[in-house]
Amino acid sequence: LACASPAFAQSVAKDGTVTATGIGTTYIKVHDTKTDIWNAVRVNVNGSENKAQPKVVGGNCHYAALKGNGTVWTWGYNGNGQLGLGDTNARTEPTQAKAEKILEDGTKEEELITDAIDIAASYNHTIILRADGTVWSTGYNQYGELGTGDTEERKRYIFVAIKNPTPMKILYIIYQVCFALPILLVLTILTALVTIIGSLIGGAHIWGYYPGKIWSQLICYILLIPVEVHGREKIHKRTSYVFVPNHQGAFDIFLIYGFLGRNFKWMMKKSLRKIPFVGKACESAGHIFVDRSSPKKVLATMRQAESSLKDGVSLVVFPEGARTFTGHMGYFKRGAFQLADELQLEVVPVTIDGSFEILPRTGKWIHRHRMILTIHEPIPPKGKGAENIKASMNEAYAAVESALPEKYKGMVKNEDQDR
């Protein structure tokens, strides 16, 4: 086996030795100062027990060697904790890696890894496969590379919960494919047709809201998704608000539409108008498509929103503008808060929790998980202008984040938001 990075080259021989060569920017001790020659470092990866096939892997200026006895030895650059040694200090000599176990009482315990059967490394993170089939990872994690369900870096190898499908999950997938999805497809088409025809004949105030509300509730019920709503008593029936929820996933739509309990209009991306049936139904219902192609069209969007906010009808805007990739919130855009400032309306922060687990942005299958909708105290305008917009935006962000689980707190910028 051979591997290389911008500053290193390594190979492992049949006798279990690892040969490494590099340049002066490396962290491997290969320089003979007396002769000023770069010599090779040899690391014996054969152990006394034949537990694993010896292997060496390299990332971006760091390396890990799997010995035949199941131990893992790491060295090199460690700025993101990719060596799994509990710190970020570089190592110039191979050091045995440790894992961090979480005991039943919640306390943490370190243990030397002696049962590894495979290793892998990429950029600034390292992954170990152990004999019991579990996967452990450490290092850089900005985009969730470690598989830990968050974006927090690790300095010690921690367990990655890779779950095999249980019989119940397999049954739920069969239920989706054979029963739920065909019914929901028919329901979606019928709801779209009822909304289009009803809005044309009877007006969008009733027909633009109630068919979609019932459709959303049925989707959750048919997919056996439990829903909890907290804080509905904080809002008044005859008052128009600007609701600003976080955007965890596709099921946010069903949670808000079906269970907010308020007649409202969506402010949505113009591209959603192209969805068959649904796009036309949204247009007929009076939902607002945001066109950012020119200042004139943005102004027209604002005026449409202003004309919709009467008789207790509210507006729902996802201020992040895009679904999260990580479960964390991105930054809030100004649009919803600017509109609320112009019309002097109260902003209502709304927290969505659970939608990310049901169908994350990169997911393919629906997973049964409860959803919680938390409605926070309305934020009244504190004046008018830039200061009021900034204050209400910051207050709303803090309120929405406060009801998220700890693992999803902390902003992670979503590159998709800038599009």
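Modeller: Let me begin with axes, which are lines fitted to C-alpha atoms, for helices over the stretch in contact, with angles running from 0 to 180 degrees between N-to-C directions. Helices (H or I, at least four residues) and strands (E, at least two) are DSSP runs, numbered from the N terminus. This is a predicted model, in which local features need pLDDT of at least 70 and side-chain atom pairs count only at pLDDT 80 or more, while totals for chains, interfaces and linings use all residues. Residues are numbered from 1 along each chain as its sequence is written, and side-chain values use heavy atoms, with hydrogens and water left out.

Colleague: What makes H3 oblique to H4, and in which hand do they cross?

Modeller: Helix H3, residues 210-222, packs against helix H4, residues 252-259, at an angle of about 125°, and their axes lie 7 Å apart. Angles under 35 degrees count as roughly parallel, over 145 as roughly antiparallel, 65 to 115 as roughly perpendicular and the rest as oblique, and therefore H3 is called oblique to H4. The crossing in which H3 passes H4 is left-handed, a word used if the near helix is turned anticlockwise from the far one by less than a right angle, with right-handed used if it is clockwise.

Colleague: Which residues make H3 and H4 meet, and how do they divide by class?

Modeller: From H3 come Gly 212, Lys 213, Trp 215, Ser 216, Gln 217, Ile 219, Cys 220 and Tyr 221, and these meet Ile 253, Phe 254, Tyr 257, Gly 258 and Phe 259 in H4, where contact means heavy atoms within 4.5 Å. By class, the contact of H3 with H4 has eight nonpolar, four polar and one charged residues, given that Ala, Val, Leu, Ile, Met, Phe, Trp, Tyr, Cys and Pro count as nonpolar, Asp, Glu, Lys and Arg as charged, and the others, Gly among them, as polar.

Colleague: Why is H4 called mostly covered?

Modeller: Buried means under 20% relative accessible area, exposed over 50% and partly exposed in between, with a 1.4 Å probe and protein chains only. Seven of the eight residues of H4 are buried, namely Asp 252, Phe 254, Leu 255, Ile 256, Tyr 257, Gly 258 and Phe 259. Just after H4, Gly 261 takes a positive phi of about 80°.

Colleague: Which residues touch the most other members of the largest nonpolar core, and which element gives the most to it?

Modeller: A nonpolar core is a set of buried Ala, Val, Leu, Ile, Met, Phe, Trp, Tyr and Cys residues joined through side-chain atoms within 4.5 Å. In the largest, which has 37 residues, those touching the most other members are Leu 223, Phe 243, Phe 251, Ile 256, Leu 260, Phe 264 and Trp 266. Elements that give two or more residues to this core include helix H1 (167-202), H3, H4 and strand S23 (371-375), and H4 gives the most, with five residues. Leaving aside residues up to four places away in sequence, Ile 256 touches Pro 245, Phe 264, Trp 266, Val 316, Val 350, Ile 352 and Leu 373. A second, separate core of 25 residues includes Met 267, Ile 288, Met 302 and Leu 309.

Colleague: How do you know that H6 is oblique to H7?

Modeller: The axes of helix H6 (residues 295-308) and helix H7 (residues 335-343) come within 11 Å and cross at roughly 55°, an angle that makes H6 oblique to H7. The crossing of H6 and H7 is right-handed. Met 302, Arg 303, Ala 305 and Glu 306 of H6 make the contact with Gly 335, Leu 339, Glu 342 and Leu 343 of H7, which by class comes to four nonpolar, one polar and three charged residues.

Colleague: And what makes H7 oblique to H9?

Modeller: H7 and helix H9 (residues 386-402) pack at about 125° with their axes 9 Å apart, and so H7 is oblique to H9. H7 passes H9 in a right-handed crossing.
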